[in-house]
Amino acid sequence: MNIDTTAPVHYDRMLVVLHWVLALGLFYQLGLGLWMEDIPKDPPGPRAQWFNLHKSTGICLGLLILWRLGWRATHSVPASPTGNTDLQNKLGKLAHRLLYVCMLVMPVSGFIGSNFSQYPVKFFGVALPKLLEPWAEGKEFSSEIHKITAFVFMILIILHVSAAFWHQFVKRDGLLSRMGWRR
Ligand code: HEM
Ligand code: HEM
């Protein structure tokens, strides 16, 4: 196994802040998304209000995710943990990549789907310009992608958090501190 001796020991602080802010934000966003689906359609007001909030916070999270991806692509990160097997490290890297894919697909599919509807997306009450013509099939397709990806994302998050706990409490290799503020 090649060990990169030039790699940093910790994630840099920008990535640490973005990881934890987004973890909190995404837990909230996934929870809100699942919960709001059960709001009755009649009267329409409350359902529309919660949907609009979900869209607005989703756009903010999407911008933070773009920032994180840009930062991640231009800064070095720690090498894979040394105490793992090659297979564990490969699976870990794959899981991280898939988490990033889900983080990108979620806001993009939500935004595109909402633009295919006949109503404009309201960003905290301000109607954004309509980017696409209303198209029911396009909306339906984006909605399916949004829902399937949400499901895959939640499974990956459960695996990811379980792996973090396994490192922390079973292997006790201090992996969590790589994503911590203290140096
Ligand atoms: C990181 C960002 C996002 C996450 C994690 C997220 C998560 C979710 C979840 C879990 C659901 C419920 C799906 C289900 O019933 O199985 C949902 C539904 C929905 N989301 Fe998002 N969402 C995000 C961003 C957005 C954005 C940016 C928009 C639009 C601008 C949006 C629009 C919608 C809409 C309209 C629904 C209702 C179902 C549908 O028509 O697709 N979401 N979202
Ligand atoms: C929505 C929730 C979460 C998402 C989407 C997420 C996503 C990610 C991603 C993509 C990475 C890879 C970072 C990179 O290489 O650029 C990562 C690293 C990490 N995450 Fe999370 N995370 C979440 C929640 C959590 C939670 C709750 C914990 C702890 C209990 C955690 C612990 C860690 C640790 C320790 C690392 C560093 C792993 C290493 O050093 O190789 N994450 N996370």
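How close do the axes of H3 and H4 come, and at what angle do they cross? In this predicted model, the two axes come within 8 Å and cross at roughly 155°. An angle over 145° counts as roughly antiparallel, so H3 and H4 are roughly antiparallel to each other. The crossing in which H3 passes H4 is left-handed. Sorted by class, the residues in the contact of H3 with H4 are 14 nonpolar, nine polar and one charged.

Along its principal axes, the C-alpha trace spans about 55 × 30 × 30 Å. The protein has 183 residues, of which 10% count as buried. Among contacts between residues at least 6 apart in sequence, 72% join residues at least 24 apart.

H2 and H3 pack with their axes 9 Å apart, at an angle of about 140°. On the H2 side, the contact is made by Lys 55, Gly 58, Ile 59, Leu 61, Gly 62, Ile 65 and Leu 69. On the H3 side, the contact residues are Tyr 100, Met 103, Leu 104, Pro 107, Gly 110, Phe 111 and Ser 114. By class, nine residues in this contact are nonpolar, four are polar and one is charged.

Which residues come nearest to ligand 1? Of the 24 residues around ligand 1, the nearest are Gly 33, Lys 55, Gly 58, Gly 110 and Ser 143. The elements that give two or more residues to this shell are H1, H2 (44-74), H3 and H4. H2 gives the most, with seven residues. Some names return here: Lys 55 and Gly 58 of H2, together with Gly 110 of H3, also take part in the contact between H2 and H3. The shell around ligand 1 divides into eleven nonpolar, ten polar and three charged residues.

Ligand 2 has 19 residues around it, and Ala 23, Leu 26, His 96, Ala 164 and Arg 178 come nearest. Two or more residues of this shell come from each of helix H1 (13-36), helix H3 (86-116) and helix H4 (136-171). By class, the shell around ligand 2 has 14 nonpolar, three polar and two charged residues.

Arg 97 and Asp 12 are 85 residues apart in sequence, and their C-alpha atoms are 18 Å apart in space. Gly 92 is also placed in helix H3. Is Gly 92 buried, exposed or partly exposed? With 17 other C-beta atoms within 10 Å, Gly 92 is partly exposed, because that count lies between the cut-off of 12 or fewer for exposed and 20 or more for buried. The C-alpha atoms of Gly 92 and Pro 81 are separated by 9.8 Å, and these residues are eleven apart along the chain.

Most residues other than glycine have a negative phi, and most peptide bonds are trans. The peptide bond from Asp 42 to Pro 43, however, is cis, with omega near 0°. Pro 43 sits in the loop between H1 and H2. Phe 124 is not a glycine, yet its phi is positive, about 45°. Phe 124 is found in the loop between strand S1 (122-123) and strand S2 (126-127), and with 11 other C-beta atoms within 10 Å, Phe 124 is exposed. Arg 172, likewise not a glycine, has a positive phi of about 50°. Arg 172 lies in the segment after H4 and counts as exposed, with 9 C-beta neighbours inside 10 Å.

Key
Residues are numbered from 1 along each chain as its sequence is written. Chains are lettered from A and ligands numbered from 1 in the order in which they are written. This is a predicted model: local features need pLDDT of at least 70, side-chain atom pairs count only at pLDDT 80 or more; totals for chains, interfaces and linings use all residues. A residue is near a molecule or strand if its C-beta atom, placed from the backbone, lies within 6 Å of it. Helices (H or I, at least four residues) and strands (E, at least two) are DSSP runs, numbered from the N terminus. Ala, Val, Leu, Ile, Met, Phe, Trp, Tyr, Cys and Pro count as nonpolar, Asp, Glu, Lys and Arg as charged, and the others, Gly among them, as polar. Two residues are in contact if their C-beta atoms, placed from the backbone, lie within 7 Å. Axes are lines fitted to C-alpha atoms, for helices over the stretch in contact, and angles run from 0 to 180 degrees between N-to-C directions. Angles under 35 degrees count as roughly parallel, over 145 as roughly antiparallel, 65 to 115 as roughly perpendicular and the rest as oblique. A crossing is left-handed if the near helix is turned anticlockwise from the far one by less than a right angle, and right-handed if clockwise.
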